[in-house]
Amino acid sequence: MIALEFILSGMLAAATPFLLAALGELVGERAGVLNLGVEGLMALGAAIAFIIVYHGGGHVFAFAGAGLAAALLSLLFAFAALGLQANQVAAGLAIGILGQGLSALVGKTYESLTVKGLPKLAVPGLSDLPVVGGLFVQDPVVWLSLAATLAIWATFAFTKTGLLLRAVGENPKAAHSIGYPVIAIRVAAVAFGGLMAGFAGAYAATVYTPLWADGMIAGRGWIALALVVFGTWLTARIFWGACLFGAVSLAGLAAQAGGVELPSQLLASMPYLVTIVVLGIISSNRRLLKLNGVASLGEPFKP
Amino acid sequence: MSAPRIRPMLVKRDRPSLSLKILAPLLALVAATLINLLLYLFMGKDPVAVFHAMILEPFISFPSFSEVLLKTGPLLLIAEGLAIGYRAKVFNIGAEGQFIIGAIFASALPVWYPMATGQWIWPTMLLAGALGGALWAGITAFWRVRLRANEILVSLMLSLVAIQVLNYLLLGPWKDPNGFNFPQSVMFQYDAMVPLIIPGTRVNASLLIALALALAAYVFMQKSFMGYKLEVGGLAPRAAGYAGFSEGRAIWLSLLIGGFAAGLAGAAEVAGPIGQLQRSISTGYGYAAIIVAYLGGLHPIGIIFSSIVMAAIYIGGDNALVSADLPIAAVRVFQGSLLLSYLMAVTFVRYRLAFARPVSEVPA
């Protein structure tokens, strides 16, 4: 019971880095662009945010700085992959390596330092419930991430912007021929993805575990990419997927605290192993992927 | 519609010329060097000192150059394997994990039989490593072919798992009992080491193996029907299917070759300059080799040159750390910007820039 309470109260916070990065990638992929650089974008965001908080700039500026830096780096990806028609897979990898390198470079003198996180806000009444009460005591970024999830879901469900994004991802030729600026829309979607990845990194380094260490993103950017596939490009499913990963990363800790003897390396591998297994299960269901997949994902478009 | 305007456009070349193909990576190298030197200047480092330590010294000092050759081996091996897959559009980015598993498989022999002697030991280790790497890549192939899972994500996840497997062994069953609790195995016996080929240096026979395999890759990819089938199987699976080539087989073959080569490289590292299994067996070779493969134009001969360049960047980075106090992370920044510059430069191999009004905007 204690383990369940522990997982329920921490799940959303653990899920937030995955969720923010995956939502950003979702927008880009829906517009037809596969950006594999998420891990590096998150790392850069994490380093920038940490430095800003460390020097007393506060969390608002930290998130803004992180988002801006990662968005700028993703625009470099957009210039190569969309402007110059460079290989999208390779350009994404390049941005990833570059982002990780830059984060290590700027973060070098901050290695292993810590900062203060954010206070938690409780929903009055609900937070007093037994067992599930912990779910309603979260830091402000978690609440904002939930709002962002709703906003992105609504954008795709109800707005013209959402339709436009999907149109350039499904059939860029058709969108172009009726006068929509396909490349410009895709660039904007990529920049949004970068912004969100920067936020995700900022959350990881200044709120969730408020410390900086080179390599601290530890594959979370790659899991976010996998989450978009798990969620079959649907906002709500990506949200549940992120929660699952939040829970998985806590379940190991709970098991350890409960006296279960497992090698710590197995626990550390858990998110990666779960990713591999779930990818296998979801991908073998071809109908599911065909139904919701993005028709022109990763394919270059030349007007 | 907006008013007609003149703007830059990319126009596809009829036939990309060889000289352009060679020019693109050179141009990228120059561009990346300039950008990074500018960055070092911005960081308050002396760009001249960095340039000397990083770019010149690896080639003008023999001890430095021998280290370049030493690092060329693994990069060349891994990149040749990866390039075969990339040409078949199979994006194995998990060479890092295949390298680590290869190193582990190779280490099993000297760890379990530290007293064994005989010249058969190191070749057996290299073979075991190669098979281990292929086995690890085989998981990705199974996931891709049977379950249709994305090989990029699966192979990368498996690399992260491989690091944990390595940590588990080094902190647990394979830890050297007399190693002062350091996470490393026993030092390997003499017969477990690949013979040296240049006296006074650490360069060993695995470089010759890598070069031989590069030539084999050339024959396979450029001259054999099998290589052709592989490439077509990836480029146009439907067309290949009609012609009786299987996409699944292309994926299996690509990943197994890539894993084999990366595993062999991992084995050669522990049976060579390192001489034991330890945490830092790879300094990102598996990822750097992706860059090497692209920079070499995915061509087996081009990759020989690009692997030397990448090895020099590693050694140059080490030099610059010592003599110009440049953080080692600068190497990663250089690698990333080099790949990005190359990918942009290669656009101009395939396209030429023209200034014209696009057809769609010509008034009817």
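Which side chains meet in a salt bridge at 3.6 Å, N to O? In this predicted model, the pair is B:Lys45 and B:Asp325. A salt bridge here is a side-chain nitrogen of Lys or Arg within 4 Å of a carboxyl oxygen of Asp or Glu. The two partners sit 280 residues apart and tie together distant parts of the chain: B:Lys45 lies in the loop between α1 (18-42) and α2 (47-60) of chain B, and B:Asp325 in the loop between α12 (300-324) and α13 (329-350) of chain B. Over all chains, the structure holds six salt bridges.

Some bookkeeping comes next. Residues are numbered from 1 along each chain as its sequence is written, and chains are lettered from A in the order in which they are written. Local features need pLDDT of at least 70, side-chain atom pairs count only at pLDDT 80 or more, totals for chains, interfaces and linings use all residues, and side-chain values use heavy atoms, with hydrogens and water left out.

Chain A averages a pLDDT (the predictor's confidence in each residue, from 0 to 100) of 93, and 100% of its residues score at least 70. Helices are DSSP runs (H or I, at least four residues), numbered from the N terminus.

On to helix packing in chain A. Helix α1 (residues 2-30) and helix α9 (residues 220-230) of chain A pack at about 55 degrees, with their axes 8 Å apart; axes are lines fitted to C-alpha atoms over the stretch in contact, and angles run from 0 to 180 degrees between N-to-C directions. That angle makes α1(A) oblique to α9(A), given that angles under 35 degrees count as roughly parallel, over 145 as roughly antiparallel, 65 to 115 as roughly perpendicular and the rest as oblique. Helix α9(A) also packs against helix α10 (residues 235-257) of chain A, at about 135 degrees and with the axes 8 Å apart, so α9(A) is oblique to α10(A) as well. In this second pairing, A:Ile223, A:Leu227, A:Val228 and A:Phe230 of α9(A) meet A:Ile238, A:Gly241, A:Ala242 and A:Phe245 of α10(A), where contact means heavy atoms within 4.5 Å.

Chain B has a pairing of its own: helix α7 (residues 206-223) and α12(B) pack at about 150 degrees, axes 8 Å apart. The pair is therefore roughly antiparallel. On the α12(B) side, the contact is made by B:Pro300, B:Ile301 and B:Ile304.

Notes. Helix = DSSP H or I, 4+ residues; strand = E, 2+ residues; numbered from the N terminus.
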